[in-house]
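Here is a short briefing on helix packing. Keep the sequence and the 3D view open as you read.

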Amino acid sequence: MTDLGIVLTISSPYLTFIPGMAILFVLSEKKVPIYLNPLNTGLFLLFVWAFIAGIVNMSIISTIASLGLLLHWCLAVYLQDTLQEEKSVSLFLAKVWRFSLFTALLGIVEKIASYFFDLTWIASYYLNDPIEYVYRIYSTYGNPNVAGGWFAAMIILTFYFFEHDNYQNKRKYLFYLLSFLTALVFSGSRGATLALEAALLSYALLSKNKTTRTVIFSTFFLIIILAVLSPEINYNHPLNSRFPIWLKSFKLFLEKPFLGWGIFGILAQTKKIHTHNIWFTILTMLGVVGFSLYLWIKYYIYKSLILLYNNKQQLVPLLVAMQVFMVTHGVVDFIIMTPQGGVMFFATAAITVGLARSYEINPELELAEAWRIVKTGLSDTKSIKG
């Protein structure tokens, strides 16, 4: 993905479709191989199933929204081809990390401005519920929970780059860390904060560097202190606020367990876009078929991580921490439904699978190659019959 594509993705959820459309054009020109692995196949089938669910439920908005999965599929295919080595992955992530700093600083300015101006118009601009309690920042992410999730991911990246820079430029990394931490706290995302703590612990356990562990554990306790003192985290959304929507979602799932209600079916039934839980949401939206495809994709991601770990790939602590973060955050939220949250999820998955491909004994076929084999087989069959 070019620098412009990264900037567009980070700048606004309304602009993320542009890089996806550009990649779709590249794929249509057959310039990028499409590997027939569970990530690509499963994600494409998810798009097809979501499209069918939207049509059957007679929901135009759900049908159109399914195209977002197609764009995520394009991104995953493209990144698997372009990011197959540690160096290229690090360069790509470094660009995302640097560009994201500006959105963190923007979020901090937004929070300061909220003390002097009424910023409730931002919620209306992003089609969210009215702001309640203590103001939580949106930055460029369209939702405080997505903003918190993005900043938490950048904190994980900060440790990765600090470690691989041999702990040089300490002031630079401290500035990045404090900027992302401050923005995370101002987002008020309790789910992102708890998920970050789980991710940091997994990173520390997998890292073999004592300095990295010391810095991570110090940050771990600093986050606890900041979370306890933060009004954004403590005075918004009560602890039991998720239970009613989870129960309602499960009842909806039982009504349409096979097909689901479509991507925006939950909104029509509950006035909520999703159920603030990744498993309940997918079950309700896409039924057991869609949920099975999601589990198939996740299984392949974990299988790829194990392969990377067995081959001592240096990116493993980072990639595992990202998976731990997204699973933990998924317990109380569903940010992968949003454009930028989905990009973060599927891009991380594509990077993991792309790196693991070089270690596979029998890597999956590329689509064009598979088609040639099929045509050859058909030709041989005709020759024998002839």
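Is the crossing of helix 6 and helix 8 left-handed or right-handed? The crossing of helix 6 and helix 8 is left-handed. A crossing counts as left-handed if the near helix is turned anticlockwise from the far one by less than a right angle, and as right-handed if clockwise.

This is a predicted model, where local features need pLDDT of at least 70, side-chain atom pairs count only at pLDDT 80 or more, and totals for chains, interfaces and linings use all residues. Residues are numbered from 1 along each chain as its sequence is written, and side-chain values use heavy atoms, leaving out hydrogens and water.

**Helix 6 and helix 8**
- Helix 6 covers residues 86–114 and helix 8 covers residues 144–164.
- Their axes lie 10 Å apart, at an angle of about 130°.
- That angle makes helix 6 oblique to helix 8. (Under 35 degrees is roughly parallel, over 145 roughly antiparallel, 65 to 115 roughly perpendicular, and the rest oblique.)
- Residues of helix 6 in the contact (heavy atoms within 4.5 Å) include Leu-93, Trp-97 and Thr-103. Their partners in helix 8 include Trp-150, Phe-161 and His-164.
- By class, this contact has 11 nonpolar, five polar and one charged residues. (Ala, Val, Leu, Ile, Met, Phe, Trp, Tyr, Cys and Pro count as nonpolar, Asp, Glu, Lys and Arg as charged, and the others, Gly among them, as polar.)

**Helix 15 and helix 16**
- The axes of helix 15 (residues 278–310) and helix 16 (residues 316–330) come within 11 Å and cross at roughly 165°.
- Helix 15 is therefore roughly antiparallel to helix 16.
- Helix 15 passes helix 16 in a left-handed crossing.

Note on methods:
Axes fitted to C-alpha atoms, helices over the stretch in contact; angles between N-to-C directions. Helix = DSSP H or I, 4+ residues; strand = E, 2+ residues; numbered from the N terminus.
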